[in-house]
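Hi everyone, thanks for making time.

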Amino acid sequence: MTPEDREGPSEDSPAASPSRRSIRSFVIRGGRQTVAQERAMAELWPRYGVEFSAQPVDLDQTFGRQAPRMLEIGFGAGEALLAFAQAHPELDCIGVEVHKPGVGHLLLGAEHAGLKNLRVICHDAVEVLQQQLPPGAIQLIHIFFPDPWHKKRHHKRRLIQPELVELLARVLATGGKLRLATDWEHYALQMREVIDASTSFINDAPDTGFVERNEERPLTRFERRGHRLGHGVWDLSYTRVGSPSQ
């Protein structure tokens, strides 16, 4: 399966600092926005969009309330994020995605559902984690079906790397959850190895390393197609330990 076929995260691979960039794990593809998606970006972005800023954002002001927050990195077409936001009006939900057709698709869904607890950032997730989100501001992070970069020479482009894991730990509150899923076994094993090595996280399934699919992760169009093709899916869940740092 090519990167163009995937719905999952397509973000930058981690960088040591905002001014020093490493190899990108995403490619800005030439997919065209539909007329409706273009309208969504023009008309709905002011309601749901949050422009990137190199300064920490005031999330209470952004959402107009104080509430627990979840973050989905690389939401693709936005199916999982939309369903989660609808099911949890008590949570403020933030999606980060670089591809505008997917952003437009999500905005249309948010308008149709009348959501008030959803905001979208269309920017490199690494910089968002480094600069825009305050330490400990998030209680739950979802990363579902990131591009596996199948070829061995491309594994360095995979999103889940030690540096990225520590950026996730920076914004995740103590006791918060990190949930991941992939349909590529080799990547699942790498995810487990990398995150298990971090002192900031504890695997919620220490015996097997993997958990059953959480019911709050809906079966997306992409995953249903994978099931028809006989693909396996591996879910991981971690708890944040220790205290977030600046």
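Predicted model: local features only at pLDDT ≥ 70, side-chain atom pairs only at ≥ 80, totals over all residues.

Residues are numbered from 1 along each chain as its sequence is written, and side-chain values use heavy atoms, with hydrogens and water left out.

Let's start with R217. It counts as buried because its relative accessibility is 3%. You'll find R217 in the loop between β6 (201-203) and α9 (221-228); helices (H or I, at least four residues) and strands (E, at least two) are DSSP runs, numbered from the N terminus.

So what does R217 pair with in a salt bridge? The partner is D235, with the closest N and O atoms 2.9 Å apart. By salt bridge I mean a side-chain nitrogen of Lys or Arg within 4 Å of a carboxyl oxygen of Asp or Glu. D235 sits in strand β7 (residues 234-240), so this pair ties together parts that are 18 residues apart in sequence. D235 is buried too, at 7% relative accessibility.

By that rule, the count comes to 8 salt bridges. Another one joins D60 and R69, at 2.9 Å from N to O. R69 is buried at 8%, while D60 is partly exposed at 29%. Then there's D92 with R65, where the closest N and O atoms are 2.7 Å apart. D92 lies in strand β2 and R65 in the loop between α3 (59-63) and β1, so here the linked parts are 27 residues apart in sequence. D92 is at 0% relative accessibility, so buried, and R65 at 31% is partly exposed.

Over to the strands. β2 and β3 pair in the parallel sense over 4 bridges; to pair, two strands need at least two bridges found by DSSP. C93 has L118 in β3 as its bridge partner. And which residues of β3 are buried on its two faces? On one side L118 and V120, on the other R119 and I121.

Last stop, helix α4 (residues 79-87): its buried residues are A80, L81, L82, F84 and A85.

Definitions and conventions
Buried < 20%, exposed > 50% of the residue type's maximum accessible area, 1.4 Å probe, protein only.
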